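My notes follow in the order I took them.

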Amino acid sequence: MTAADAIRAALKHATGTAVSADLDDEGTAHLWEVGVLTNGGAWHSIQIDPASGKVRGSHTEKDDDGDDAAETAQIRAALKGSSVTAAEAAEAAVAKGTVTAADGTGSDWRVNPDSGKVTADRSND
């Protein structure tokens, strides 16, 4: 199952905007962890089994340190007007290799949210 497949599966479970997808090691198994931001501002973390595509768990994130509102506003501003979904961005990035995270970690590739064009992220060089 690709990152794009995991994102689509998560969005069937929680309605909103997929903001991240990471292939995480959960003990003896790997799970896709997909972050979904709802229109109401709630964050959902959804775990998808990469072999079956089934939801293995989900929970709503809590704002323990009080800074989630600012971060959520910043993310909404960045996504405003974008025409490329997270699943489309993950599919575009596959041309550069296997996608194990769609959130800016690992080998970084930028996917333009308007055009879907993939370029190397040189911000950490």
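I count a residue as buried under 20% relative accessible area, exposed over 50% and partly exposed in between, with a 1.4 Å probe and protein chains only. Helices (H or I, at least four residues) and strands (E, at least two) are DSSP runs, numbered from the N terminus.

The model is predicted: local features need pLDDT of at least 70, side-chain atom pairs count only at pLDDT 80 or more, and totals for chains, interfaces and linings use all residues. Residues are numbered from 1 along each chain as its sequence is written, and side-chain values use heavy atoms, with hydrogens and water left out.

I looked up strand β2 (residues 29-37): seven of its nine residues are buried, so the rest of the structure largely encloses it. I then checked its pairing (at least two DSSP bridges between two strands). β2 runs antiparallel to β3 (residues 43-48), with six bridges joining them. Val 34 has Ile 46 as its bridge partner in β3. Five residues lie between the two strands of this hairpin, and Gly 41 in the turn has a positive phi of about 95 degrees.

Next I took β3, where five of the six residues are buried, so this strand too is largely enclosed by the rest of the structure. β3 also pairs with β4 (residues 55-60), antiparallel, over five bridges. Ile 48 stands opposite Val 55 in β4.

Last, I looked up contacts (heavy atoms within 4.5 Å). Leaving out residues up to four places away in sequence, Ile 7 touches Ala 18, Ala 21, Val 34, Ala 86 and Ala 87.
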